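The sequence and the structure come first, and the discussion follows.

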Amino acid sequence: MVLGRSWRSIFTPLMGLSPEVARAADFYIKAAVRLRRHASEGSFLAYLEAALRLDGKLEGLSGDYLEPIFRDVETRCLAYQTLGPKGVKLPQVRPRKVFQDRLDVLREVDVAHMQSRFNRNLHQVDKDLREARQLDLLPAFRKLGSVIGPDFDEAWAPIFEYLAKHEAGIAAAMNRLKNAGGQGQDVLAQAAKSVQGYRSKIKGLLGEAYVRKWRHWLDMKSVLREMAEVRVLELNRAARINGQDVVWSLLEVPPGKVRLDSQETWDEALLIVEEARGGAPYRRADVFATAQVKVEEDLSALMQSWKDELREGSFFSKKQASALPVVSIEHKGGGTDLFFVVPPDPNHRPIRWAFAPEGVNIPMADVRLLERAGLQVITREINRPIADFNVVADGLMHSLTLPAP
């Protein structure tokens, strides 16, 4: 698998800066692609040189667009430093702890600010129901809140973080849509399209928060954990019999904090991971179960699960450890764990779940494709219609058009 356009796109903002920054970004992209294709010592060291060069050019810059770039550089450098050829002295990438600490503080302030604005919107709707499009907001919010939680705890945090990060764009898109009436169908359609991208993302975050707290999924995860623990015992027993100094344990991946090769992947997952031990060049992970949540009318989670399967096992035939997909898991308060996904055992393929709102259309062509591939994805409807997620997403966006407190 070659790094694709979605990965390259995070570097697009750099191309409009100085020629030196653009060249460093281009050099980094080419070095990363070369290493993924040929995991040799030369390409390995060339990649680290490119990472150091880009890291230096980004010194002193600021902006939201830098966060995914820093995450990509640091994750890959840590991974390849761990996997580097023995006896080769590798350069170290400077940690950006100061940057991350500053980002965390600003994010907490922004989240609290967004929560306050949405609360004002709710109180205004409760007090004055003249806006027809806000009529359903309170009932829908209460229905989703009955599961997610009426208080804005950690389950709501990703939603308000997204609002804070895209406040200006969302407010501009909402105002453009509001003023598009009477300007013709083309203008109205374009304005609606600019809002739709934000709405889809917010709906997805609402769906993830809902499923995360949904009793049905919590019960099923309890069963999955028991099954995974049995698998852990089997792996540890086999390691002892073979005289291997390996200990496996179960790891539940926190929602929204995991990436596969620096790209978004499962919404939730259970991994069986190798515990850290002295002298081990890297830690391995076996994917036991995954979940995808999609708040949409036509379910795309089946094809997403198929793509996940391909990405997890995309280097099945290669022997170099550095060619294995890299899973990075961020921890609250800082720190990242790195694991290298081992090729799937044909007798223990991951158990995959897909969630969507009531009445979702499941494309039969996708079902047949997965059946031919021998991949089973368990689909479940969330006990809420897509209309509830639409209304609450619109209410969240509308709150950004109100005057700041």
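Which residues of H11 are buried?

## Basis of the description

This is a predicted model, in which local features need pLDDT of at least 70 and side-chain atom pairs count only at pLDDT 80 or more, while totals for chains, interfaces and linings use all residues. Residues are numbered from 1 along each chain as its sequence is written, and side-chain values use heavy atoms, with hydrogens and water left out.

The buried residues of H11 are Ala301, Leu302, Ser305, Asp308, Glu309, Arg311 and Glu312, where buried means under 20% relative accessible area, exposed means over 50%, and partly exposed lies in between (1.4 Å probe, protein chains only). Helices (H or I, at least four residues) and strands (E, at least two) are DSSP runs, numbered from the N terminus. Helix H11 covers residues 301–312, and its end C-alpha atoms are 16 Å apart, which agrees with the 16 Å that its 12 residues should span at 1.5 Å a residue; the expected span is 1.5 Å times one less than the number of residues.

Glu309 counts as buried because its relative accessibility is 13%, and its side chain meets that of Arg349 in a salt bridge (2.7 Å, N to O). Glu309 lies in helix H11 and Arg349 in the loop between strand S7 (336–341) and strand S8 (351–358), so the pair ties together parts that are 40 residues apart in sequence. Arg349 is partly exposed, with a relative accessible area of 32%.

## Other salt bridges

A salt bridge is a side-chain nitrogen of Lys or Arg within 4 Å of a carboxyl oxygen of Asp or Glu, and by this rule the count comes to 14 salt bridges. One of them joins Glu274 and Arg284, with the closest N and O atoms 3.2 Å apart. Glu274 lies in strand S4 (residues 268–274) and Arg284 in strand S5 (residues 284–293), so this pair ties together parts that are 10 residues apart in sequence. Glu274 is buried, at 2% relative accessible area, whereas Arg284 is partly exposed, at 24%.

Within helix H10 (residues 215–241), Glu234 and Arg231 lie 3 residues apart, about one turn of the helix, and their side chains meet in a salt bridge (3.6 Å, N to O). Here Glu234 is partly exposed at 35% relative accessibility, and Arg231 is buried at 11%. Salt bridges also link Lys221, Arg225, Glu252 and Glu268 in a network.

## A buried lysine

Lys203, in helix H9 (residues 185–213), is buried yet has no salt bridge, the nearest side chain of opposite charge being that of Glu297, 6.7 Å away. The side chain of Lys203 does make a polar contact with the side chain of Asn390 (3.0 Å); such a contact is a pair of N or O atoms within 3.5 Å, and within protein one must be able to donate a hydrogen and the other to accept it, while residues adjacent in sequence count only if both atoms are side-chain atoms.

Note on methods
Lys and Arg count as positive and Asp and Glu as negative; His and the chain ends are not counted.
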